[in-house]
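Biologist: I would like to go through the salt bridges of a model. Please take the general idea before the cases.

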Amino acid sequence: FLLGDILYFGPRNTLTPTYCPKDVIELLNGHRDRIVSVRGNCDAEIDQMLLEFPIMAEYSYIFADGYSMLLTHGHKINMDSAAHLGEGEILIHGHTHVPCIKKFGQGNIYLNPGSTTYPKEGNPPSYMIYENGCFEIKHLESGEIIQKIDLRKE
């Protein structure tokens, strides 16, 4: 799952000297059949022209292992504006670049993987893995688990 701001991260963030969008495009297009993506506030139609999988949806629902997950970027739909989220549904978004696992609402869970490229609030670069009802937010370089939730035990 890609939660938006795929190729460009906005004018407030300086691109690192080693960042090469063309390499990212090639890498992602090589996995186009396995990617579910949503539009971030910095994604544009030109990005869609370069990527071979859809990125312009505001949100997507994923149903896995009996769980309903709403994927979005987070700049429009987030914990403060998730009124249409059903009881027990999971909200997954990026946007803040801060890793987080938090319970809220009516048995809902909010998940944010952080950011591999522009982590904020002193957090390390991170990503999230889902497997068998368990979400793990991991440090990009070491693979160390930063936060974890096992839905089967909730």
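Modeller: What follows is a reading of the salt bridges in this structure. This is a predicted model, in which local features need pLDDT of at least 70 and side-chain atom pairs count only at pLDDT 80 or more, while totals for chains, interfaces and linings use all residues. Residues are numbered from 1 along each chain as its sequence is written, and side-chain values use heavy atoms, with hydrogens and water left out.

Biologist: What can side chains of opposite charge do when their charged atoms come close?

Modeller: They can pair. The rule for a salt bridge is a side-chain nitrogen of Lys or Arg within 4 Å of a carboxyl oxygen of Asp or Glu. By this rule there are 6 salt bridges.

Biologist: Which parts does the pair of Lys 103 and Glu 154 tie together?

Modeller: Their side chains form a salt bridge at 2.2 Å, N to O. Lys 103 is in strand 4 (residues 100–104) and Glu 154 is in the segment after strand 8 (145–150), so the pair links parts 51 residues apart in sequence. Strands are DSSP runs of E, at least two residues, numbered from the N terminus.

Biologist: Is Arg 152 buried or exposed?

Modeller: Arg 152 is exposed, at 53% relative accessible area. Buried means under 20% and exposed over 50%, with partly exposed in between (1.4 Å probe, protein chains only). Its salt-bridge partner is Asp 150, with the closest N and O atoms 2.8 Å apart. Asp 150 is buried, at 13%.

Methods: Helix = DSSP H or I, 4+ residues; strand = E, 2+ residues; numbered from the N terminus.
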